[in-house]
Amino acid sequence: MGTWLRSFRWHNIRQLDAVSRELLARLWAAGGGLKDLAGPLTIDLDSTIVLVYGRGKQGAAFGYTKVRDYHPQLATCPETGQVLFCRLRGGNAGAARGAKSFLTETVSRVRHAGATSPLTVRADSAFYSRAVLLTDRMLDVRFSITVRQDPKIKAAIAAIPEDAWKQAISPLKSWDLLRKIRCSTTRITNLVQAVLVLHLAATG
């Protein structure tokens, strides 16, 4: 089995991608996905750590976790709980490496599967880059991506009129939940403000 798997090349991986792409389309066509293909659809982008035991595994490397691992990317759909797309990467790959092509392929998959609704991409600050944002705009995808608060972001936040702000977190329960996972009030506020800057920029 190991010898057979090691014989795979990039074109074989792309063939498997094509199979999983068609599988998703047929699953949704059979009613195993979104109940309303014209309804809103959210795509969550993230990376995860897969621990590797043994030094001989191709692509395994030490990443930011300081352990030998693989670092695959995942695109999931919270409305269905399904994995829309995944891509295995070496352990030393940055969280957003290849995110542009990964996002493009994911959006193409859900469109091929029949989704005609507006799409919203959510991701953490690891995916905050010009390439990802421009790809979202090019694909006509709405996005909510956390950004780090550098001086330019703080200046952009300060320039937003007070009457332009809208409540993004429901009052009591959501705030209590965030506090329980050790988010300070200041950090919550900064996070929401940074995300709103992107929403305002996207809507002109």
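# Talking through a predicted model

User: What share of contacts between residues at least 6 apart in sequence join residues at least 24 apart?
Analyst: In the protein chain, 55% of the contacts between residues at least 6 apart in sequence join residues that are at least 24 apart. Please keep in mind that this is a predicted model.

User: OK, and how many helices and strands are there in the protein chain?
Analyst: The protein chain has 7 helices and 8 strands. Of its 204 residues, 34% are buried.

User: Let's look at one residue then. Where is H71 found?
Analyst: H71 sits in the loop that runs between β4 (68-70) and β5 (73-77).

User: Is H71 buried or exposed?
Analyst: H71 has a relative accessibility of 1%, and because buried means under 20%, H71 counts as buried.

User: What does H71 touch in there?
Analyst: Leaving out residues up to four places away in sequence, H71 touches a list of residues that includes S47, T48, I49, Y64 and R89, as well as G90, G91, A93, G94 and A95. With S47 there is also a polar contact of 2.9 Å, which joins the two side chains.

User: Switching to helices: which residues of α4 are buried?
Analyst: In α4, which covers residues 130-138, the buried residues are V132, L133, T135 and D136. Seen down the axis of α4, these buried residues fall within an arc of 160°, so they line one face of the helix.

User: And which residues are exposed on the other side of α4?
Analyst: On that other side, R130, L134 and M138 are exposed.

User: What comes just after α4?
Analyst: Just after α4 comes D140, which takes a positive phi of about 60°, although D140 is not a glycine. Most residues other than glycine have a negative phi. D140 is found in the loop between α4 and β8 (142-145), and because its relative accessibility is 66%, D140 counts as exposed.

User: What about K66, how does its phi look?
Analyst: K66 has a positive phi of about 70°, and K66 is not a glycine either. Its place is in the loop between β3 (61-62) and β4, and at 67% relative accessibility K66 counts as exposed.

User: Now P118. Which residues is it in contact with, beyond its close neighbours in sequence?
Analyst: Setting aside neighbours within four places in sequence, P118 is in contact with A38, P40, L41 and R142. P118 and R142 are 24 residues apart in sequence, while their C-alpha atoms are 7.6 Å apart in space.

User: Where does P118 sit, and how exposed is it?
Analyst: P118 lies in the loop between α3 (99-112) and β7 (119-123), and with a relative accessibility of 44% P118 counts as partly exposed.

User: Last topic, pockets. What volume does the largest pocket have?
Analyst: The largest pocket has a volume of about 1000 Å³. Its lining is made up of 23 residues, and those that lie nearest its centre are F8, I13, Q58, Y70 and L88. The elements that give two or more residues to this lining are α1 (2-6), α2 (10-29) and β6 (82-87).

User: Which element gives the largest share of the lining?
Analyst: The largest share comes from α2, which gives 5 residues to the lining of the largest pocket.

User: And what classes of residue line the largest pocket?
Analyst: The lining of the largest pocket holds 11 nonpolar, 5 polar and 7 charged residues.

Technical notes: Residues are numbered from 1 along each chain as its sequence is written. This is a predicted model: local features need pLDDT of at least 70, side-chain atom pairs count only at pLDDT 80 or more; totals for chains, interfaces and linings use all residues. Side-chain values use heavy atoms; hydrogens and water are left out. Helices (H or I, at least four residues) and strands (E, at least two) are DSSP runs, numbered from the N terminus. Buried means under 20% relative accessible area, exposed over 50%, partly exposed in between (1.4 Å probe, protein chains only). A polar contact is a pair of N or O atoms within 3.5 Å; within protein, one must be able to donate a hydrogen and the other to accept it, and residues adjacent in sequence count only if both atoms are side-chain atoms. Contact means heavy atoms within 4.5 Å. The arc is that of the directions from the helix axis to the C-beta atoms. On a 1 Å grid over the protein atoms alone, a cavity is a set of points where a 1.4 Å probe fits but cannot get out, and a pocket is an open set with protein on both sides within 12 Å along at least five of seven lines; lining residues have an atom within 4 Å of a point. Grid points are joined across faces, edges and corners, and a volume is the space filled by probe spheres set on the points. Ala, Val, Leu, Ile, Met, Phe, Trp, Tyr, Cys and Pro count as nonpolar, Asp, Glu, Lys and Arg as charged, and the others, Gly among them, as polar.
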